[in-house]
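Try each task before reading its solution.

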Amino acid sequence: MKFGIIQFPGSNCDQDAYHALADVFGQSTRYIWHKDNAMGDVDCVVVPGGFSYGDYLRTGAIARFSPAMKAVAAHAKAGGLVIGICNGFQVLCEAHLLPGALIRNRGLKFICDHVYIRVETTDSPFTNACKKGQVLRIPIAHGEGNYFAEPKVIEQLKREDRILVRYCAKDGKLTDAANVNGSLDNIAGICNESRNVFALMPHPERSSEKILGSNDGRWIFKSILKSEIAVS
Amino acid sequence: MKAKIIVMPKKTVLDPQGKTVKNALESMSFKGIKDVRVGKFIEVELTAGSKAALKKKMDRACHDLLSNPVIEEYSFEIS
């Protein structure tokens with residue numbers, strides 16, 4: 001599969017994503033500069049973590065207006081895969097490719113820690129290699145990961161099975177204590193209506209090798225690769 | 001001409017910053033505070049143009065960039 005990783009001024013997890021996809025998974029991977037109008041032949045776009053534009057105004061608020069994001073929107077509309085990680089989730093929400101918004105963590109502190117997330121559904125190209133209820137240990141590193149959306153949007157996400165991963169305890173139970181940033185309904189990651197755009201606050205690209213403390217993140221990438229095989 | 005814009009978090013959105021500021025004010029022995037919410041103030045200096053046309057442009061700028069309508073409300077005046 002061909003992966004394209006967007007680079008905004010201030011992105012800092014682009015190289016981690018490149019390493020995971022190119023070196024760990026052996027996939028054809030390249031960077032897409034934020035000023036590029038077109039992304040070329042790419043199967044899956046990665047909108048990486050970091051502090052694009054210094055988080056000025058609001059996280060992701062300025063990145064969404066870059067030429068590359070117009071290309072991402074067109075790619076998504078044509079059915080291409082898009083995965084947003086951390087700042088990428090924030091950018092995709094600001095760009096309205098996903099509903100809701102990410103606000104300041106409930107406890108106001110930046111949290112850099114391994115957390116547990118539970119796979120809520122395997123009905124997506126990003127979780128189809130997982131088992132429903134599977135618990136993954138993945139690191140987070142964010143100050144604004146508190147997912148918010150209006151009640152009727154949350155209801156729609158639930159009804160349409162679009163909450164793909166939720167913060168949970170080690171045993172998989174959805175507790176308030178496990179919800180370290182205060183996200184509504186313990187939401188850690190969601191997808192769009194056509195299920196080709198997914199974003200999550202935790203970092204699977206930083207947990208695809210055991211040496212980094214956990215390689216559970218590999219299940220997300222394994223799913224993406226599995227879905228490509230299914231399509232062709 | 002200057003546009004003065006106020007962006008505030010919606011009342012339905014949790015504002016932990018506001019709560020923290022409230023706690024800090026109370027620790028200064030400031031009594032009787034019902035609530036505190038923290039927002040943004042933005043000033044945009046404009047070159048000439050009709051107030052009506054600028055008002056329309058500014059409204060669009062507030063809606064599309066300067067605020068996130070999912071979590072924020074805005075108001076502005078041009079003088």
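**Exercise 1: the fold of chain A**

Among contacts in chain A between residues at least 6 apart in sequence, 75% join residues at least 24 apart; two residues are in contact if their C-beta atoms, placed from the backbone, lie within 7 Å. This is a predicted model, in which local features need pLDDT of at least 70 and side-chain atom pairs count only at pLDDT 80 or more, while totals for chains, interfaces and linings use all residues. Residues are numbered from 1 along each chain as its sequence is written, and chains are lettered from A and ligands numbered from 1 in the order in which they are written.

Task: find how many helices and strands chain A has.

Solution: Chain A holds five helices and 11 strands, counted as DSSP runs (helices H or I, at least four residues; strands E, at least two) numbered from the N terminus.

**Exercise 2: strand partners**

Task: find which strands pair with β6(A), residues 111-119.

Solution: Start with β7(A), residues 135-142, which is antiparallel to β6(A) and joined to it by eight bridges; pairing requires at least two DSSP bridges. Here A:Ile111 sits opposite A:His142. Next, four bridges link β6(A) to β9(A), residues 163-168, again antiparallel. In that pairing A:Val119 faces A:Val165.

**Exercise 3: the contact between chains**

Task: find how many residues each chain brings to the contact.

Solution: Chain A gives 12 residues and chain B gives nine. On the chain B side, helix α1 (residues 16-27) supplies the largest share, three residues.
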